[in-house]
Amino acid sequence: MSCSDRFGARTGVALVILGMTTLAGSVRPAAAQDEEERARQVYQLFKDKCFECHGSDAKGDLDLRTHKSMMKGSQSGDVIVPHQPAKSLLYLLVTHAEEPPMPRKKPKLGDAELELIRKWIDDGGSLEAVEEAAESSAAPDARDKLKAEERPITDAERQQWAFQLPKKGVIPRVDSPAWQANPIDAFLMARMSAKGLKPSPKADRRTLIRRAYLDVLGLPPSPEQLDAFVKDSSPDAWPKLVDELLASSHYGERWARHWLDLVRYADSGGFEFDVDRPEGWRYRDYVVNAFNKDKPYSRFVLEQLAGDEIEGLDAAAKDEAMIATGFLRVGPNLGGGERGRQDALDDLIGTTSLTFMGMTVSCARCHNHKFDPIPQKDYYRIQAVFFSTRGVEHPLVPAHEVEADRKETARIDGLMRPLRQEKRELEAPYLKQLVDREISRLPEYLQVAYKTPPAQRTEGQKLNAAQVEKTLQNDTLRAKITEIDLVPLMTADERAKHKSLTDRIDALDKQKPKPYPTALAIADSGREARPSFFLHRGSIDAKGSAMTPGVLSVAAWTDYSFPTPPADAKSTYRRRAFAEWLIAPGNPLTARVMVNRIWQHHFGEGIVRTPSSFGKMGEPPSHPELLDWLAVEFVERGWSIKAMHRLMMTSEAYQMASDDTAANLALDPENRLFWRMPRQRLEGEIIRDQILAVAGTLDRTMGGPNVFPYIDPDLFEKSSKRDWPGKPDEDPTTWRRSLYVFSKRSIRYPFFETFDQPNLVNSVDRRNRSTVAPQALILMNNAAVVLQASKFAERLAREAGSDPAKQVTRAFLLALGRDPSAEELAKSVAFVRSSPRGLAEFAHVLFNVSEFVYRP
Amino acid sequence: MHHPTDCVCSSRSNDLLVTRRELLSRLGGGIASLALVDLLGQQGLIAAESGQTGLLSPKPQMIPAKAKAVISIFCYGGVSQVDTFDPKPDLLKYQGETMQGVGEVRATMGTPGGLMPSPWSFKKYGESGMDVSELFPNVAQHVDDIALIRSMYALSPAHGPALFQMNTGSILAGHPSVGSWITYGLGTENQNLPGFIVFTDHRGGPINGPPNWGNGYMPAAYQGMQIRDTGSPIVDLKPPAERTESEQRKWLRLLHELNEQHASKYPQDTELAARIHSYELAFRMQTSAPEAIDISKETAATKKLYGVGEQPTDYFGRQALMARRLVERGVRYVQIFSGGGNFEPSWDAHWDLKTNHGLHCAETDKPIAGLIKDLKSRGLFESTLLVWHGEFGRLPISERMDGRDHNNNGFSVWLAGGGVKGGTIVGATDQYGYRGVENKKTVYELHATILHLMGLDYEKLTYRFNGRDMQLTDVHGKLIREVLA
């Protein structure tokens with residue numbers, strides 16, 4: 001909790017360090033000497049009684065160590081009002097006239113000391129004299145400060161499971177031969193047996209294929225695919241199916257979404273105006289392709305963090321690597337200035353450490369991590385890795401085209417310039433006329449300010465005169481006087497000339513070359529890193545030592561040194577070195593974190609159930625030996641994600657049924673030992689994909705710019721700054737997979753939002769899965785869903801003819817991957833028959849049944 | 001870490017499962033008692049039903065408190081304190097001059113001018129003698145119910161971050177809003193209505209858009225739901241036009257039967273039971289939501305109180321009246337945004353302050369006063385917390401000749417109703433009304449106080465996300481005890 005000091009928490013270590021030396025013995029008036037002496041005594045008093053909190057700690061923002069820092073005041077405002085002790089907060093607090101009494105939790109100052117302070121404030125309350133006298137002194141504080149930056153890691157902390165290198169242990173021997181072949185099964189079975197749990201029986205084939213399709217592709221199997229698998233009696237039917245699915249390009253679309261949640265991907269900048277990023281999708285396509293091509297995870301990590309620092313790539317590979325650095329650009333826009341820059345870096349550090357390391361390094365921005373061995377210095381050393389980055393628009397055309405574009409734009413600008421000048425000259429006399437008229441209507445004090453000759457204006461009049469001029473002549477917001485006001489005042493000739501100039505400027509503007517495609521990418525500002533600093537309490541006003549780049553020290557078993565970049569480098573190579581540390585054999589986190597994520601999506605929960613929190617605030621692994629085995633296996637198989645899918649999906653464990661087993665539930669109600677495959681509510685995106693697939697309307701086009709399905713305009717602003725160019729529900733170009741729906745940070749697609757899509761701002765490792773009435777409303781009543789239900793009905797009529805029994809059977813097969821039970825069939829047929837629109841109504845019911853929105 | 005006692009069974013807050021037994025006992029019986037057909041026949045009784053899916057079920061207060069609901073009136077764009085609740089005679093005395101002794105004055109949108117006097121005069125009201133300008137003659141009649149904080153300050157002078165701070169505590173996007181925290185902590189009393197409802201201005205919504213009432217990293221259940229003033233109040237509330245009511249009943253019956261059959265195979269699965277229940281709630285919401293905001297049956301006198309049917313108060317007056325109806329029906333948090341879009345349509349008086357604040361105050365003064373009177377006459381004032389503020393205040397110097405620029409250094413906000421000590425003035429700004437100088441209050445403190453007044457301990461109401469126990473007030477905040485009755 002925050003500091004209980006009345007000044008609140010945060011900020012402020014002064015850079016000027018003061019000590020005490022004797023005043024120089026120059027001759028000065030006695031009164032001045034008295035004042036200096038008082039200031040010196042006050043300073044000594046502060047040092048003895050106040051510096052403990054209001055020195056380098058700057059509690060409540062108050063640092064009393066220099067005149068300047070003292071006069072900055074505290075979080076509560078000024079503490080010294082010169083010559084007015086009764087109005088000076090500092091005096092009121094030390095005299096206990098105001099709360100809280102100071103010095104905190106210490107005896108009240110003596111009367112003589114209080115009188116000294118009162119007189120000193122009467123003098124003016126200055127410490128400048130002391131400061132002048134003490135310039136070059138020394139260092140106990142500096143030493144303290146350096147010490148405050150250190151936070152050694154203990155051996156015990158290094159022993160925590162997540163920081164130990166994963167090792168392959170002995171695969172347990174288990175009783176069941178079927179559960180011995182795949183090490184995953186052996187590890188799981190050993191734990192189950194020990195606990196008295198029995199694994200659930202194998203799921204039936206229809207369940208298996210539906211599970212695998214929804215898991216790997218996010219789309220349901222067609223009746224034909226289903227039938228083929230059910231009838232395939234060969235022993236390798238299942239692994240064959242797994243391979244087929246992993247070869248489908250829909251796989252990348254499905255698994256890219258999991259990754260995009262982690263990197264808080266969106267197509268707009270968020271914040272005030274939420275400006276669109278029309279080229280942002282290129283990063284999304286990069287991720288889809290990376291999964292589809294089974295790009296080694298190590299390479300995937302390297303490209304996203306440092307694609308711009310990889311040498312020796314051909315043009316296409318270079319473009320791809322640059323697009324990958326979009327990882328560092330897809331986050332939300334943050335505020336401006338140094339503070340905004342720090343927030344933006346924090347977003348990068350936070351997302352990078354959660355995503356790749358499963359660590360909450362952001363907690364160490366203002367102090368050493370409270371629970372994990374993450375020193376604040378690690379935070380600022382990692383910040384130094386990213387400090388020199390800047391966003392670039394990487395051209396996706398050859399250099400000569402970029403150059404031609406630049407030249408042509410400059411040529412046209414050159415032609416426009418004199419025309420614009422001529423136009424301004426034409427307008428000038430009329431502008432003056434209108435300005436004068438406006439001025440005559442102003443309040444008197446503003447008129448006086450404006451008319452007073454500049455040299456004689458008071459400070460206030462200077463400001464007001466400048467404001468009047470700027471507002472009337474040069475204001476784009478208030479737009480007091482514009483062409484529209486000026487043109488009617490002109491003569492006919494002038495008007496004609498004005499119009500001709502305007503037309504010529506517009507015509508030139510249209511000749512400007514169309515923008516060439518670019519990618520949102522990252523580069524460094526140069527070979528030399530920009531200096532960055534340790535920030536005490538995270539405050540930009542409390543800079544500490546200059547920082548060299550570093551990694552997470554508790555996870556670095558050897559001292560990791562950052563290489564010097566080549567002489568001709570345009571980059572610091574720091575991000576590359578950081579990425580290389582992440583994927584080096586000595587890194588205990590990277591492989592573990594990623595295999596756990598893959599596991600999490602296949603099995604519903606991770607082996608570590610807090611997939612981005614491998615620290616003390618997270619949960620320990622349920623099967624540490626299995627997690628280690630998988631992590632090592634992952635690296636041994638060349639960081640192949642598809643190899644991990646295959647390994648996990650061909651386990652017996654993946655193929656278990658999801659039924660309740662009373663005995664198991666009693667022992668392990670949360671399925672922590674994976675005795676069954678849990679049913680899982682599908683994500684909003686996948687429910688929508690499934691609706692389109694089942695209705696037979698899904699446009700399977702891959703990649704490229706996003707689509708804008710209809711959103712009720714009442715759900716977003718009428719403000720001109722925010723728009724959603726939604727197409728009608730009937731427009732088939734919007735029937736693309738949900739991955740291609742534009743993700744605008746301030747206008748979320750309601751269907752996804754209602755089903756717990758993350759907020760597109762924070763890195764999210766595991767989605768919420770809530771069940772609330774608005775989900776029912778949207779599936780029951782949303783016009784796009786109703787439209788697709790009617791398309792589904794048309795498909796049923798087309799494929800199953802006019803017999804309601806056949807229609808219902810086909811519908812169950814398409815939507816749920818199974819035949820209806822006799823009871824379901826009877827009820828459904830009766831429903832279809834009961835009204836002329838019965839089939840469409842029935843089709844719509846199926847989009848709403850629980851079974852439809854769950855992965856079995 | 002706080003767990004809503006009846007919704008979480010593991011140690012993580014995004015585990016949303018309840019145990020089967022818990023759910024059924026809350027629902028008052030087994031799955032059979034949930035049968036939709038039964039409920040469909042009992043629509044008249046729905047308000048008394050206590051069906052829940054867990055996340056939004058009512059939860060006990062952590063500390064005793066009178067207020068059960070919040071109505072937040074957000075003057076988007078930023079209200080000028082020196083023209084409403086914080087009189088500064090020095091603005092006239094030193095008109096056109098610069099401020100002395102305040103350091104560099106930073107303007108956000110314009111260039112700084114000299115001091116600009118307020119176009120409005122102030123008068124003292126009530127036993128407390130609180131000063132209020134001519135802009136709020138009706139609200140002024142209730143000063144003895146109001147606790148005014150004159151020394152509020154915010155972290156940012158830009159709308160986006162300042163709105164986020166006022167609404168979510170952080171100047172950055174991605175955090176749950178105050179309404180989300182309160183519905184997370186307390187649930188809501190009426191399951192047939194959303195627990196957190198938002199009205200935006202007819203001229204548009206505020207900058208940042210819906211993330212202003214977003215659930216951040218919490219489940220979607222805790223986000224504010226926007227209510228429309230025309231047509232169906234909630235998007236997707238009404239069944240497709242071609243489906244008659246009896247057809248809808250048939251439709252729901254088939255769905256229910258298929259879902260029941262499926263759920264019976266997994267008797268231990270509470271999620272499936274909750275899902276069936278969510279359709280029942282959705283169905284009931286179709287009736288209860290339009291009824292809740294239907295003001296046609298309010299008496300002429302009540303409507304008059306809010307300025308409904310008159311200009312310029314009609315629009316905001318309707319929203320204020322709807323807010324009362326919602327609170328009366330157990331909605332936990334209602335937020336009304338006055339002002340929308342950019343510049344003139346909002347309170348963002350960068351120029352022509354006189355027209356801007358003249359209009360926005362005239363639109364809201366009578367309805368706010370009417371709301372206070374109406375709540376009182378219905379005995380709801382003591383159980384409702386009213387909060388009035390913008391995202392920041394405005395500068396005492398001129399911008400663009402006759403406007404005022406953003407000012408986050410010192411501005412006025414007020415609280416009234418349940419648990420609030422009326423007639424109180426907390427803190428003060430300097431002689432110009434530029435920055436808080438006495439008893440300065442942070443937005444964290446305002447939030448801590450709002451939670452406290454609602455019976456929530458701001459230090460114990462936490463939500464775990466990405467390895468951190470998050471709090472509305474982060475690591476800051478303390479109570480503004482002066483406003484507590």
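## Two helices packed within chain B

Angles between helices run from 0 to 180 degrees between N-to-C directions, and the axes are lines fitted to C-alpha atoms over the stretch in contact. In this predicted model, helix α4 of chain B, covering residues 159–168, packs against helix α11 of chain B, covering residues 443–453, with the two axes 9 Å apart and at an angle of about 30°. Because angles under 35 degrees count as roughly parallel, α4(B) is described as roughly parallel to α11(B).

On the α4(B) side the contact is made by B:Gln165, B:Met166 and B:Thr168, while α11(B) contributes B:Val443, B:Leu446 and B:His447. Sorted by class, the residues of this contact are three nonpolar and three polar, with no charged residues.

## The interface of chain A and chain B

The contact between the chains draws 106 residues from chain A and 113 residues from chain B. The size of an interface is often given as the accessible area lost when the parts come together. For chain A and chain B the buried area is about 9,000 Å², of which 54% lies on carbon and sulfur atoms.

Five salt bridges are found across the interface of chain A and chain B. The side chains of A:Arg837 and B:Glu247 also meet in a salt bridge, with an N to O distance of 3.9 Å.

From α35(A), the residues that make the contact are A:Glu841, A:Phe842, A:His844, A:Val845, A:Leu846 and A:Asn848, and they meet B:Trp251, B:Leu254, B:Leu255, B:Leu258 and B:Asn259 of α6(B). By class, the contact of α35(A) with α6(B) has seven nonpolar residues, three polar residues and one charged residue.

## The surroundings of A:Tyr450

Within chain A, A:Tyr450 lies in helix α20, which spans residues 444–451. Leaving aside residues up to four places away in sequence, A:Tyr450 touches A:Val435, A:Ile439, A:Arg457, A:Ala465, A:Val468 and A:Glu469. A:Tyr450 and A:Lys462 are twelve residues apart in sequence, and their C-alpha atoms are 8.2 Å apart in space.

Definitions and conventions:
Residues numbered from 1 in each chain as written. Chains lettered and ligands numbered in written order. Predicted model: local features only at pLDDT ≥ 70, side-chain atom pairs only at ≥ 80, totals over all residues. Heavy atoms only, no water. Contact = heavy atoms within 4.5 Å. Helix = DSSP H or I, 4+ residues; strand = E, 2+ residues; numbered from the N terminus. Nonpolar A, V, L, I, M, F, W, Y, C, P; charged D, E, K, R; others polar. Buried area = accessible area lost by both parts, 1.4 Å probe. Salt bridge = Lys/Arg side-chain N within 4 Å of Asp/Glu carboxyl O. Parallel < 35°, antiparallel > 145°, perpendicular 65-115°, else oblique.
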